[in-house]
Amino acid sequence: MRKVVVFSAVLLLLALIVAGGGSWYYLSSPQYSLLKVKSAVDQCDAAAFEKYVDLEGIIRRAGNQLSGQWSASFAKEMGGLGGIEPEMVNGLVAAFGSAMIEPTVKQIREAVLSFIETGRSVPIQTLPGDAVDIAGEITIAAMPRIERKGKMATIDLELSTRGEIVRARLFMRNLGTHWQIAEIDQVPQTAQALLTAYAVGERKRIAEEKKNHPDATVDLPGQAQGAKPLTLTYVPSGKFMMGSPDSEENRGENEGPRHRVHITQPFWMGKYEITNAQFEAFVKDSNYQTTAEKAGESFGWDPQKQSWGVVKGLSWKSPGFPDPAEGKGLDQPVVLVTWDDAKAYCDWLSQKTGEKFSLPTEAQWEYACRAGSSTMYPWGDEPNGACRYANVWNQENKGKWGFNGDGFPCSDDYLGPAPVGRFQPNAFGLHDMIGNVWEWCADYYDATYYTQSPKEDPTGPPASNLRVLRGGAWRLIPLACRSAHRFDYPPDFRDLNGGFRIVRTP
Ligand SMILES: [Ca+2]
Ligand SMILES: [Ca+2]
């Protein structure tokens, strides 16, 4: 872990030096040497880079400087947006405050040079959360001051990341043939300011993009009058940490390792789960028969036995909740639909509209669910928050409908599923990502997928006999309603917990 954070920090610090931009016109000067540094990076020339940067010295001194204090409030403020994790910030303190710096200097140096040569991080990381992504997004906006004193020079820089400006200072020394970057001043403060600036810039970008892309609706042929329209919400591209940290309570092994994922393309996501009325429009238009209808039976509530089991005749039209009034409204989320049914719905919608609809990938789903958060739930770590944002199983429901699970310690006023959109949306404007009904994702399921998933736009393992479900449901306990929780079922599975929402690729 320490290696990771040290490595991350150094790359970040180097970004101060090496990132592009600026115009310098002086030969045989500190500026000229900086230009050489930039050129070495542009040309992926690690040897030239080393000539102009005292890499080892910077790493050592950065280590010393970073043994200072990082505030807990800063760690909290980062909140995962922009890809910086509180654990990483805390890790920096631990890493640089210890003797770990010594044995890792060589490895860090090699990693940094390799980064310069290839533009990619090297796999010395044992934990995700590196700042490499950010290092590549810092540029020098201006160089307002250069002061020379004998063989030393001080250079003030204005660094720009995501449109936010941060001030930094370099010390350079004259080696006779050239000037070399010897030190970065105020490393902890500068790094902290950059991380904060990046996160602030990301929040602004996302807010701006969202403002420019208001919700849109999709006309469904023959949808019942008065029913909630199929509404799409814009989800900007971005980076996030997928999965749960080792420290998260109740986490499953399949939620790790936590890793950085870049969703490179924005997409439109159903603001709500697909409703009965929206599913009915599909069935009416296509005469589609769901898996449950074809099979003539499904998992559900057996009124004779007063227990859960496989029951004849259940389908999305007559889901057979223990209370027969439940689940039937136009705006209730459709249930008892299989992955195959959900896929058929997306295909039909694509064909009807000429647009590209699909189920979300698992990564799109978690990115959209977290909406910038890195906590256990999109609203934070507190289970009490659930009842403002999600229809989940409540402690007061314990024992009802034959279910003895310990629920959330709050009241959301729904024993069964709620009409979609009754609860507050997350930061991206999406409702019921957690709770109400479980949502099928496009991906096949593999418990170990995170050990090898690509960093950009992962689409799941190539094959498996299971599909992914996300978000928990009205009848599920807190453990299953966490943002990172992954569940799996065969593609023909259906029950009263399960529904879906769609995405449109622009
Ligand atoms: Ca509830
Ligand atoms: Ca849901």
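A: β12 and β17, the latter spanning residues 503-505, pair in the antiparallel sense over three bridges. Strands here are DSSP runs of E of at least two residues, helices are runs of H or I of at least four, and both are numbered from the N terminus; two strands pair if DSSP finds at least two bridges between them. Within this pairing, S358 stands opposite V503 of β17. This is a predicted model, in which local features need pLDDT of at least 70 and side-chain atom pairs count only at pLDDT 80 or more, while totals for chains, interfaces and linings use all residues. Residues are numbered from 1 along each chain as its sequence is written, and chains are lettered from A and ligands numbered from 1 in the order in which they are written.

The two strands belong to an open sheet of five, ordered β5-β6-β9-β17-β12, with antiparallel pairing. Its edges are β5 (216-218) and β12 (356-358); each has a single partner strand, so one side of each is left without a neighbour in the sheet. From one strand to the next the twist averages 35°, with axes fitted as lines to C-alpha atoms (for helices, over the stretch in contact) and angles from 0 to 180 degrees between N-to-C directions. Helix α12, residues 339-353, lies across both β5 and β12, and its direction is at about 170° to β12. Contact means C-beta atoms, placed from the backbone, within 7 Å.

Another open sheet has four strands in the order β1-β2-β3-β4, again with antiparallel pairing. Here β1 (138-149) and β4 (179-184) are the edge strands, each pairing on one side only, and the twist averages 30° from one strand to the next. β2 (residues 152-161) and β3 (residues 164-174) are joined by 10 bridges in the antiparallel sense, with T154 opposite F171 in β3.

Two helices lie across β1, β2, β3 and β4: α9 (residues 187-212), at about 150° to β3, and α2, at about 85° to β4. Just after α2, C44 has a positive phi of about 55°.

Strand β7 (residues 238-242) has five of its five residues buried, so it is largely enclosed by the rest of the structure. G238, F240 and M242 cover one face and K239 and M241 the other. Five bridges join β7 to the antiparallel β8, residues 259-263, in which H262 is the bridge partner of K239.

Over the whole protein chain there are 14 helices and 17 strands, and 48% of the 506 residues count as buried. Of contacts between residues at least 6 apart in sequence, 69% join residues at least 24 apart. The pLDDT, the predictor's confidence in each residue from 0 to 100, averages 86, and 83% of the residues score at least 70. Over residues 123-130 the pLDDT is below 50, and that stretch has 26 contacts beyond near neighbours in sequence.

How values were computed. Buried ≥ 20, exposed ≤ 12 C-beta atoms within 10 Å, placed from the backbone.
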